[in-house]
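Here is a short briefing on one chain. Look over the sequence and the fold first, then read on.

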Amino acid sequence: MKLFIDSAVINEIKTAVSWGMVDGVTTNPTLIMRAGKDFKTTILEICKMVSGPVSAETISPDAEGMIREGREFAKWHKNVYVKVPCTSEGLKACHELTKLGIKVNVTLVFSANQVLLAAKAGAALISPFVGRLVDAGEDGMKMIQEAMAIINNYHFAARLLVASVRDTRMVTDAAILGAHIATVPFKVLEAMYRHPLTDKGIQTFLEDWAKAKK
Ligand code: E4P
């Protein structure tokens, strides 16, 4: 399973990269706003740190605008993946950008049928927002299970990128279901390596080592 970091904060990405687990990065307009720096500068800085896909999101409401933005983003760096929403205009943009050889991440996906359509439109990545589904009282992981069955049944090239991850359990569940990628916020990544028994074990070993004959 690949792990992406869902962040536009350079220090968070740098730290996660140092742990050796960052296969890619996802950003969105909200994350860019929170990080507080210019969009293009941020994407380029991330591309320097990470060798995998870096998602940059379009904001146009129509396919024409998304295609224009996507063509521009794709010039910034070879690893830039263009994010478009799962609307009719977004699917149209996905189809056209894919024909131009530009990699697309179809985002704001909330159903297995949206996954099917995005895969058919040529998406390289498809991002179901599991946390937001759970917030809305739905079974987010059931949707991931259905989406993986669809991708596997028909051997679609699209990779399922589990997004809107709220906690460590969601990462485990996505991995058990065979999801290709999870994009994980920094605080959840930190929580993934922490375990009280690891800390307790280190403490005991250090105490015993101090008493050992050396
Ligand atoms: C994914 O690409 C999105 O940036 C992200 O996972 C959205 O998560 P949220 O629901 O926490 O905003």
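β5, helix α6 (residues 112-120) and β6 make a right-handed β-α-β unit. Right-handed means that, with the strands pointing away from the viewer, the path from the first strand over the helix to the second runs clockwise. Helices (H or I, at least four residues) and strands (E, at least two) are DSSP runs, numbered from the N terminus. The model is predicted: local features need pLDDT of at least 70, side-chain atom pairs count only at pLDDT 80 or more, and totals for chains, interfaces and linings use all residues. Residues are numbered from 1 along each chain as its sequence is written, and side-chain values use heavy atoms, leaving out hydrogens and water.

**Whole chain**
- The chain has 11 helices and 8 strands.
- Its C-alpha trace spans about 70 × 40 × 30 Å along the principal axes.
- Of its 214 residues, 48% count as buried. Buried means under 20% relative accessible area, exposed over 50%, and partly exposed in between (1.4 Å probe, protein chains only).
- The accessible surface is about 11200 Å², and 56% of this belongs to carbon and sulfur atoms. The areas come from the Shrake-Rupley method with a 1.4 Å probe; for residues, only the protein chains shown count as cover.
- Among contacts with a separation of 6 or more, 56% join residues 24 or more positions apart. Contact means heavy atoms within 4.5 Å.

**Strand pairing**
- Two strands pair if DSSP finds at least two bridges between them.
- Strand β4 (residues 80-85) runs parallel to β5, joined by 4 bridges. P85 has T107 of β5 as its bridge partner.
- β4, helix α5 (residues 88-99) and β5 also form a right-handed β-α-β unit.
- Strand β5 (residues 104-109) pairs with β6 in the parallel sense over 3 bridges. V106 is bridged to I126 of β6, and V109 stands opposite P128 of β6.
- Strand β7 (residues 159-162) runs parallel to β6, with 2 bridges between them. Here I126 stands opposite L160 of β7.

**Burial in the strands**
- β5 has 5 of its 6 residues buried, so the rest of the structure largely encloses this strand.
- Strand β6 (residues 125-128) is covered on both faces. L125 and S127 are buried on one side, I126 and P128 on the other.
- In a regular strand the side chains alternate between the two faces of the sheet.

**Nonpolar cores**
- A nonpolar core is a set of buried Ala, Val, Leu, Ile, Met, Phe, Trp, Tyr and Cys residues joined through side-chain atoms within 4.5 Å.
- The largest core has 61 residues, and V84, V106, I126 and I144 touch the most other members.
- Helix α8 (residues 140-153) gives this core its largest share, 7 residues.
- Another core, of 6 residues, lies apart from it, and its members include F4, Y81, L125 and L161.
- Beyond its neighbours within four places in sequence, I126 has contacts that include V106, V115, A118 and L160.
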